[in-house]
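Visitor: I am new to this structure. Could you walk me through it?

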Amino acid sequence: MEYRALVTSEENNTFVNSIEKVKLSSLPEHNTLIKVKFSSLNYKDALSASGNKGVSRNYPHTPGIDAAGIIEETTGSEFKKGEEVIVTGYDLGMNTSGGFGEYIRVPDDWIVKKPQNLSLSESMAFGTAGLTAGLCLRKLLNHGLKPEHGDVFVTGVTGGVGIISLMLLSKLGFEVTAITGKMDQENLLKSLGAKKIIDRNEFDLELISPLQKPLYAGGIDAVGGKILSNLICSTSQRAAIACCGMVGGLSLDTSIFPFILRGLSLFGVDSAESLLETKEEVWENFSTSWKLNNIDDNIKNISLEELPNEISNILKGNQIGRVRVLHD
Ligand SMILES: NC(=O)c1ccc[n+]([C@@H]2O[C@H](COP(=O)([O-])OP(=O)(O)OC[C@H]3O[C@@H](n4cnc5c(N)ncnc54)[C@H](OP(=O)(O)O)[C@@H]3O)[C@@H](O)[C@H]2O)c1
């Protein structure tokens with residue numbers, strides 16, 4: 001039996017993406033086969049689809065770190081044929097054939113049962129970007145951050161992680177400052193709950209002082225680099241920041257002062273390797289107390305054929321909101 005997939009291949013030191021028919025027997029020997037109905041596009045997928053060996057070592061390869069679908073067959077006792085499930089992260093789409101194919105075969109301990117009050121399609125409006133936003137939020141709430149503590153920020157706010165972070169924080173009553181390179185998206189950001197919008201150039205500067213005006217009680221950072229370095233210095237007493245991304249740079253220029261003079265906590269989030277029970281908790285929250293009724297509003301739905309174009313778009317930093325891949 002064959003199925004359709006986006007396949008990234010290496011040709012003369014360049015990487016090309018094409019839609020191909022792939023043999024089901026070529027999938028790895030894990031115990032559960034899932035018919036993928038939806039996937040979503042993340043920055044990491046674009047890295048895998050463009051030959052980044054830090055993400056995917058061997059090609060040809062099918063990227064896609066996210067998949068939502070139906071159990072087709074299983075040799076385990078955890079799941080039943082026909083059950084609706086979500087898989088994000090671990091090795092999916094990295095070196096295990098991923099959600100940009102119509103089928104995946106994965107171990108049971110990568111699989112989350114879809115919560116009742118969330119559709120498969122909605123789950124891939126969140127995808128890993130949304131899960132990461134949820135994991136960042138969970139860190140901040142577990143730290144004790146509350147809306148009355150003051151304003152919070154979100155960086156990379158028009159991207160996948162950023163836009164869902166903004167929506168979640170706003171839903172929970174936080175006053176959110178959206179920090180963006182796309183000031184023309186003001187209307188969209190305000191409609192999603194942003195109270196203030198700031199051009200990221202204001203923070204994309206060499207550090208001038210290790211402690212700056214205390215502006216934020218916390219925030220979610222998806223960009224790293226100089227922007228995060230400056231925000232670390234701009235927090236109020238006992239603030240908390242959750243960071244997860246690096247589109248703005250890998251290095252961090254900081255000092256011990258925000259930590260020992262203002263009691264700042266800086267949390268890192270690694271969504272892919274989070275414990276399955278932590279992922280389950282966040283997915284459950286997405287279907288209950290963190291339910292976003294507007295999650296489908298800023299979604300671009302695309303087919304497999306449209307993926308190569310969207311991959312180059314996300315690599316250029318032009319992404320606005322989420323991209324969901326439909327397999328039917
Ligand atoms: N740790 C984890 O578990 C985890 C999980 C998912 C994603 N991530 C990482 O989080 C980051 C964001 O992922 P995503 O899926 O949201 O990506 P995305 O959809 O491409 O969004 C990234 C956003 O960052 C901003 N940006 C782009 N280039 C920038 C630059 N040079 N300097 C500063 N900001 C820039 C842009 O927003 P504005 O124009 O609004 O500023 C862009 O929309 C990536 O680094 C990704 O690898 C990490």
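Visitor: Which domains make up the chain?
Guide: This is a predicted model. The chain splits into two parts, and one of them is built from two segments: 2-114 and 298-326. The other covers 128-268. They are domain 1 and domain 2.

Visitor: How many residues does each domain bring to the contact?
Guide: The domain centres, taken over C-alpha atoms, are 29 Å apart. On the domain 1 side, the touching residues are three nonpolar, seven polar and two charged. The contact takes 12 residues from domain 1 and, from domain 2, nine.

Visitor: Where does the ligand lie?
Guide: Look at the shell around the ligand. Helices H1 (43-48), H2 (120-143) and H3 (160-171) each give at least two residues to it. Domain 1 and domain 2 both contribute residues as well, so the ligand's shell lies between them.

Visitor: Which residues come nearest to the ligand?
Guide: The shell holds 13 nonpolar, 15 polar and four charged residues. Of the 32 residues there, five come nearest: Gly156, Gly159, Gly245, Ser271 and Gly317.

Visitor: Which strands stand at the edges of the open sheet?
Guide: Six strands pair in parallel, in the order E10-E9-E8-E11-E12-E13. An edge strand has a single partner, so one side of it is left without a neighbour in the sheet. The edge strands are E10 (194-199) and E13 (265-268).

Visitor: What angle does H2 make with E12?
Guide: From one strand to the next, the sheet twists by 20° on average. H2 packs on this sheet and touches E11 (216-221), E12 (235-243) and E13. The direction of H2 makes an angle with that of E12 of about 150°.

Notes. Residues are numbered from 1 along each chain as its sequence is written. This is a predicted model: local features need pLDDT of at least 70, side-chain atom pairs count only at pLDDT 80 or more; totals for chains, interfaces and linings use all residues. Domain bounds come from an automatic or database domain assignment. Two residues are in contact if their C-beta atoms, placed from the backbone, lie within 7 Å. Ala, Val, Leu, Ile, Met, Phe, Trp, Tyr, Cys and Pro count as nonpolar, Asp, Glu, Lys and Arg as charged, and the others, Gly among them, as polar. A residue is near a molecule or strand if its C-beta atom, placed from the backbone, lies within 6 Å of it. Helices (H or I, at least four residues) and strands (E, at least two) are DSSP runs, numbered from the N terminus. Two strands pair if DSSP finds at least two bridges between them. Axes are lines fitted to C-alpha atoms, for helices over the stretch in contact, and angles run from 0 to 180 degrees between N-to-C directions.
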